[in-house]
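I opened my notebook to keep track of what I looked up here. Come along and check each entry against the picture.

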Amino acid sequence: MSVSPPPSPVRAAPAVRQRLFGHWWRSQSPARQDRFVTVGPLVSVLMFLAAIISAFWYLRNEEIERETDSLKRDTEIAQQQIQLRLIDSQEQLLRLARELATRTVDSRGFEGQARSFAAERPELTQLLWLAPRRLVQGQWQAPGLEGMSRDGAVDPSLPMEGRRGEPERAFSTARDLQAPVYSRTFQNAAGVPVFQVHVPLIDRNGFVGALVAEYSVPALERLLVPAEVTRRHAITVVDEAGNEIAGNSVSAGAQGARAAIVHDVPLTPAGTGLVLRGVGWRTSIGLISSTLFWMVVALSVLTVWMLLGSWRHMRRRTQIQNALIQETNFRRAMENSMLTGMRAMDLQGRITYVNPAFCAMTGFSEADLIDRRPPYPHWPPDRIDENARLLRQELQGRSPAGGVEVKVMRKDGQMFDARMYVSPLIDPKGQQTGWMTSMTNITEAKRIRDQLSASHERFTTVLEGLDAAVSVLSVERSELLFANRSYRLWFGADARGHALLAGTPAQPRAVEDSVDTFGGLPVQELTQAGSDPREVFVESLQKWFDVRSRYLQWTDGRLAQMLIATDITERRQAEEQQRLQVEKAQVTSRLVTMGEMASSVAHELNQPLTAIANYCSGMVSRVQADAIKKEDLVAALQKTARQAERAGQIIHRIRAFVKKSEPQRQAAQARAIVEDAVDLAGIELRRRHVQIHTYVAQRLPTLMVDPILIEQVVLNLLKNAAEAIDMAKLPPSRRHIELRVVPRHTPDEGGVIEFSVTDKGPGMKEEVLARLFEAFFSTKSEGLGIGLSLCRSIIESHRGRMRAENIYNGNAVVGCRFSFTLPVEPGARIEPAAPAADSNTTTETTSP
């Protein structure tokens with residue numbers, strides 16, 4: 001039995017990866033797969049273009065690195081050549097300097113050795129032998145420079161004490177350091193950039209001078225830089241500021257706009273600050289400028305553009321496909337969620353489609369109804385002929401536009417009412433392929449309609465049975481839309497009664513149907529807002545009506561006004577009788593007050609009458625005795641007249657107080673009311689030995705009140721306070737009443753004028769205070785209990801408030817205060833200020 005070898009792991013790995021990739025690919029949605037298929041080539045082309053650009057960039061960098069390395073090598077070779085020449089020259093100068101310091105060479109011998117030294121070094125411009133005092137002991141100059149400084153000008157190559165220059169600085173440094181020193185670059189007498197090396201001369205005595213060698217910078221660059229280097233690159237010498245002082249830059253200009261490569265090295269061993277600069281250029285035009293590169297770029301861009309166009313086209317197709325799928329799903333969801341049953345038939349009456357609502361209504365499944373021909377299973381057995389007739393009518397296109405009401409049988413045998421609407425099915429070519437029928441269950445709607453009809457009848461019966469008149473008038477046409485039995489009984493079927501109750505005359509007019517004159521009215525706000533009730537007197541009926549109105553939207557959408565008028569004639573008559581009774585009660589109260597004050601009034605009148613009688617008797621006696629002069633007679637008659645006037649004023653004030661019957665509001669001043677009331681109350685106060693103090697604030701506004709009624713309230717309060725003090729038999733120190741009139745402003749009432757009467761009597765119990773203003777409640781044995789109740793009614797009829805309270809000193813009651821307020825009318829005139837003596841008046845009334 002042979003055994004097959006196990007599969008190789010190398011072959012199994014790709015299969016596993018392929019299965020994993022296939023599983024991942026199948027797990028993606030179709031839209032995501034399309035996106036991957038579209039974006040994949042685009043990404044690969046972009047990666048290819050990136051790889052090409054990276055390769056070109058790498059080659060370009062390689063080329064720049066090779067050129068840079070070559071420039072570095074050439075620049076360093078030139079540096080080494082110059083460095084070796086300067087070092088060799090410096091060693092020869094040191095040997096010559098030792099000979100000069102030991103005096104083995106004189107001036108003539110120095111010139112010979114200098115010529116032989118310079119013959120091998122053409123870059124030298126001159127050699128100088130200087131004494132410690134900077135005097136020239138020997139000098140050699142290159143041909144062409146001899147005699148340039150002999151015209152009297154200062155030679156810039158010679159160091160001079162006190163002059164700042166590179167030769168002087170190098171000479172001083174070499175003397176101090178006793179070592180060779182290189183100077184910085186400067187221009188000699190011929191204008192050539194040069195630098196010097198100062199070699200100090202040292203013997204046993206120290207510094208004995210210096211040997212100076214001057215090098216030409218252009219000659220160093222020209223003679224010591226190899227020719228093969230200058231052919232490849234431009235070698236220049238620049239100073240510390242970056243200015244080129246030697247070199248050949250012709251090759252740099254010949255390269256045009258191609259990029260340059262620069263490499264700088266210091267010019268050693270001289271500490272001159274000079275830099276040897278090598279400049280190179282790329283020898284080729286560059287790979288990026290090649291035709292191959294731009295061809296690859298153009299092809300890549302074209303491929304990307306085509307892929308983007310394909311991706312955009314596929315995205316449009318995907319969007320259209322998704323929109324079509326969404327529209328199909330929406331229509332299918334709408335059909336499936338509709339409560340209306342949908343049924344499609346061909347031209348022969350065969351059912352081709354039913355939606356779920358139709359199946360739910362009939363109880364039959366889609367398989368039971370599709371491809372069925374009449375008679376259909378949902379037709380009731382007893383209505384097959386009628387339904388067949390309706391079906392023929394549908395197939396012939398003669399079905400009513402308002403639908404047909406039919407009976408439908410469910411699968412379980414139950415029956416329900418339905419309404420069917422039929423419309424033709426048209427295909428995209430415009431040809432009719434069948435009929436579409438929509439079916440609605442109207443069983444519940446019929447039940448609600450029957451209930452609404454019954455409710456409407458009941459509502460109409462209720463409106464007809466009301467005692468109030470109910471009418472509805474069209475605002476647009478002034479047409480009476482509804483009137484109940486009471487309205488018809490009082491006003492007939494005419495709209496003028498509605499207008500009479502509403503307070504506006506009825507003006508019926510014709511309005512064109514095409515014009516909506518009430519189109520801009522805020523119907524919703526009008527129908528939501530009500531109106532305040534008002535009372536209307538209909539003279540023809542001699543009746544008073546309480547009328548309430550509001551706007552509403554009629555059944556046809558028109559704006560209408562509804563009025564409810566209630567007969568309140570009996571109530572108005574009762575109110576009138578009550579008003580008359582109140583007026584009689586007011587007069588009765590005043591009469592009772594005057595009756596209680598009768599003895600005091602009689603006593604008050606007795607004084608002027610007695611005085612008149614005495615004056616008359618005296619005058620008669622003296623006239624008879626002829627013992628009176630004319631002046632004395634006139635004086636006596638004047639006194640008699642004043643007493644008569646006093647009695648007349650008392651009687652006039654009492655008559656005005658008692659006979660006032662009808663309330664009449666008029667402009668009145670608080671000060672005048674207080675003065676009249678105090679005059680009337682003074683009789684009672686003097687009889688009871690009670691003093692009164694009054695205070696009336698200045699500049700009070702004018703009151704719109706009935707002054708006699710307010711005077712009656714003040715008089716009643718003063719009389720009650722005097723009675724309370726007298727009945728308590730208080731000592732003279734507590735027989736005081738304070739009457740104050742001041743302006744107030746409260747959050748509840750606003751601006752008011754407050755009248756307060758304060759006594760120092762025993763006060764009242766809390767239970768008495770609680771019932772003090774009740775009608776027929778009195779604390780007096782002979783009292784009627786209508787005084788304070790009537791006072792409160794008078795004040796409330798003037799829209800004021802009245803209150804009573806005890807005055808406490810700790811826990812002890814030391815008096816009682818009655819106060820009432822009268823509102824100030826807006827814009828009321830300010831009462832003129834009284835004189836200072838009258839603004840705070842104190843009246844003290846005592847018994848004679």
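**Salt bridges**

I looked up Glu 166 and Arg 169 and found that their side chains meet in a salt bridge (3.2 Å, N to O). A salt bridge here is a side-chain nitrogen of Lys or Arg within 4 Å of a carboxyl oxygen of Asp or Glu. I noted that this is a predicted model, where local features need pLDDT of at least 70, side-chain atom pairs count only at pLDDT 80 or more, and totals for chains, interfaces and linings use all residues. Residues are numbered from 1 along each chain as its sequence is written, and side-chain values use heavy atoms, with hydrogens and water left out.

What separates Glu 166 and Arg 169 in helix α4? They are about one helical turn apart, because they sit 3 residues from each other in α4 (residues 166–177). Helices (H or I, at least four residues) and strands (E, at least two) are DSSP runs, numbered from the N terminus. An α-helix has 3.6 residues a turn, so residues three or four places apart point the same way.

Next I checked Glu 444 and Arg 447, whose side chains form a salt bridge at 1.8 Å, N to O. Both lie in helix α12 (residues 443–465), 3 residues apart. Glu 444 is partly exposed, with a relative accessible area of 41%, and Arg 447 is partly exposed at 38%. For these words I use: buried under 20% relative accessible area, exposed over 50%, partly exposed in between (1.4 Å probe, protein chains only).

Then I found Arg 572 and Glu 535 in a salt bridge (2.5 Å, N to O). This pair links distant parts of the chain, 37 residues apart: Arg 572 is in helix α16 (residues 569–596) and Glu 535 in strand β18 (residues 534–538).

How many salt bridges does a search of the whole structure find? I wrote down 35.

**A helix and a sheet**

I followed helix α8 (residues 291–337), which has 47 residues and reaches 67 Å from its first C-alpha to its last. That is close to the 69 Å expected at 1.5 Å a residue, the expected span being 1.5 Å times one less than the number of residues. Among the buried residues of α8 are Phe 293, Val 297 and Leu 307.

Last, I traced an open sheet of 4 strands, in the order β8-β7-β10-β9, with antiparallel pairing. Two strands pair if DSSP finds at least two bridges between them. The edge strands, β8 (244–247) and β9 (260–266), each pair on one side only. Strands β7 (residues 234–238) and β10 (residues 275–281) pair over 5 bridges, and Val 237 stands opposite Leu 276 in β10.
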